[in-house]
Amino acid sequence: MNITEKVAYLKGLAEGMELNTEKREGKLLGAIIDVLEDMALELEDMQSAQEELADGLDAVSDDLEDVEDLVFGDFDEDEEDGDYVYDDLNEDEDCYATTCPTCEETIYFDESILEDGEVICPNCGERLEFDLDSLEEDETESEEE
């Protein structure tokens, strides 16, 4: 029996007892039953709305999972802790960082980006160029010494 049915039962009991709503006690009990009925209806509406929200959230979650599969196709979700693990990750590959002169955010990238000679800041879109010639000259000079 849900709350609405329970309140209806109480209302039926009060009517069966032939409560005199002209007296103070009868008025009070009648008002209490009316408030309980309003609360039960409101609670029923809230539960219905919550179920709709849960269904909507499930649909969004399913859609997000589809998007994650498209975007992170090379990732596998580790079943134990829910973390994502990249299958093709080369742990020997160096990771580099620089600070964007425009937005001053730190940008992380790997050696393949460094070899390209430029990177676009994901925060502001500024194109950062790298001149590796001077680094190669420094390495050659240090090897000769």
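Glutamate 51 sits in helix α2, which spans residues 24-71. Helices here are DSSP runs of H or I with at least four residues, strands are runs of E with at least two, and both are numbered from the N terminus. The model is predicted: local features need pLDDT of at least 70, side-chain atom pairs count only at pLDDT 80 or more, and totals for chains, interfaces and linings use all residues. Residues are numbered from 1 along each chain as its sequence is written, and side-chain values use heavy atoms, leaving out hydrogens and water.

Glutamate 51 is exposed, at 54% relative accessible area. Exposed means over 50%, buried means under 20%, and partly exposed lies in between (1.4 Å probe, protein chains only). Areas come from the Shrake-Rupley method with a 1.4 Å probe, and for residues only the protein chains shown count as cover.

**Overall build.** The protein has four helices and six strands. From the N terminus, their order is α-α-β-β-β-β-α-β-β-α. Of its 145 residues, 9% count as buried.

**Surface patches.** Patches take residues with over 30% relative accessible area and no salt bridge; like charges are joined within 9 Å, and nonpolar side chains (Val, Leu, Ile, Met, Phe, Trp, Tyr) within 5 Å. Asp and Glu count as negative, Lys and Arg as positive, while His and the chain ends are not counted. Each charge is placed at NZ of Lys, CZ of Arg, CG of Asp or CD of Glu. Glu51 belongs to a negative patch, whose members include Glu52, Asp55 and Asp69.

A nonpolar patch has about 950 Å² of accessible area together, with Met1, Tyr9 and Met39 among its members. Helix α2 gives the most, six residues. Helix α1 (3-16) supplies at least two. Tyrosine 9 lies in α1.

**Salt bridges.** A salt bridge puts a side-chain nitrogen of Lys or Arg within 4 Å of a carboxyl oxygen of Asp or Glu. The count is two.

| Pair | N to O distance |
|---|---|
| Glutamate 37 and lysine 11 | 3.1 Å |
| Glutamate 118 and arginine 127 | 2.6 Å |

Glutamate 37 is in α2 and lysine 11 in α1, so their bridge ties together parts 26 residues apart in sequence.

**Cysteines.** Cysteine 121 is buried, at 2% relative accessibility. Cysteine 124 is partly exposed, at 37%.
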